[in-house]
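Please keep the model open beside the text as you read.

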Amino acid sequence: MLEGLKRINKSKDTRLPITKEILIRIIDKLPNVCSSKFEASLFSSAFSLAYHGFFRIGEIVRNKKWQAHQVIAIENVTLSKKDYIEIAKIVIPFSKTDQYGHGTVIEITETKLKDCPIYWLKNYLMQRPKVKGPLFCHFGGCPVTRYQFSCVLSKVLIHVGITDSVSFRTHSFRIGAASSHFEKGTSEEEIKRLGRWKSNAFKGLKRLIVYFDYNPSPSSRLQTKTSRLPPFGENSDTTSTNILGFL
């Protein structure tokens, strides 16, 4: 009976999705919010991966100090190239659906668009301090925390013209990724696989994109929304790169 009452009284999920368009605007404005080019690169990579990898926040940044070993570490990431397409293979050591830490492997491919997760990952890794541990860390080597991730997100949303930043949380990247796939007709089975859901809870995300009415004026939209990113660095043509090569 108590469990039934909990379900009845469960509050409505009011979190809104961060869509691809908003992600691109966020990346464009991060240099105005962050204290350095390194920090802008760090959060561009973190936000892009959060979206394209359907990541839960606890999988990429720590909430508490003792949880550092549970987030994705630099040792858990490998870059490779197949048929001229760059791929990041990422091992998630621990997650909500993997409480025993068996590890889950996912692959993220490059898009060559302005929000490309591989581009921003490589851009960040070229500047990242040569330390082991959590993938996302500051220049001094300290891991990025959930609080810092959330604070930077709230600040940059204001810079892109979203004053209702309270409705956009760390989980909005995951919600946005699922909602965008629903919108373009991806099958439910594939969305469930991409998001690593064990139940059908993901179906509840379909309604969020319906109520999302953020619609910036044409003049304020990025003209580079579908523009291609130029190659950078000497490693752009590498066919296979273990991420430890950046250490």
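Start at Glu86, which is buried, with a relative accessible area of 11%. Here buried means under 20% relative accessible area, exposed means over 50%, and partly exposed lies in between (1.4 Å probe, protein chains only). Before going further, note that this is a predicted model, in which local features need pLDDT of at least 70 and side-chain atom pairs count only at pLDDT 80 or more, while totals for chains, interfaces and linings use all residues. Residues are numbered from 1 along each chain as its sequence is written, and side-chain values use heavy atoms, with hydrogens and water left out.

Which side chain meets Glu86 in a salt bridge? The partner is Lys122, at 3.1 Å from N to O. A salt bridge is a side-chain nitrogen of Lys or Arg within 4 Å of a carboxyl oxygen of Asp or Glu. This pair links distant parts of the chain, with Lys122 in helix α5 and Glu86 in strand β2 (residues 85–92), 36 residues apart. Helices (H or I, at least four residues) and strands (E, at least two) are DSSP runs, numbered from the N terminus. Lys122 also counts as buried, at 6% relative accessibility.

The structure holds four salt bridges. Another one of them joins Lys114 to Asp28, with the closest N and O atoms 3.4 Å apart. These two partners also come from distant parts of the chain: Lys114 sits in the loop between β3 (104–109) and α5, and Asp28 in helix α2 (residues 20–33), 86 residues apart.

Now turn to the aromatic rings. A pair of aromatic rings is described by the distance of the centres and the angle of the planes. Rings of Phe, Tyr and Trp (its six-membered ring) pair if their centres lie within 6.5 Å; planes under 30 degrees apart count as stacked, over 60 as edge-to-face and the rest as tilted. By this rule the model has eight aromatic pairs. One of them is the stacked pair of Phe47 and Phe173, at 5.2 Å centre to centre with 25 degrees between the planes. The pair bridges distant parts of the chain, from Phe47 in helix α3 (residues 37–52) to Phe173 in helix α7 (residues 172–183), 126 residues apart. Phe47 and Phe173 are both buried.

Tyr124 and Phe136 make a tilted pair, 5.5 Å centre to centre and 35 degrees between the planes. Tyr124 lies in helix α5 (residues 117–125) and Phe136 in the loop between α5 and α6 (146–159), twelve residues apart.

Helix α3 itself deserves a look: 15 of its 16 residues are buried. After α3 comes Phe54, whose phi is positive, near 55 degrees.

Finally, how many disulfides does the whole structure have? A search finds zero, with a disulfide taken as a pair of cysteine sulfur atoms within 2.5 Å. For Cys142, the closest cysteine sulfur is that of Cys137, 8.4 Å away and so too far for a bond. Cys116 is buried, with a relative accessible area of 1%.
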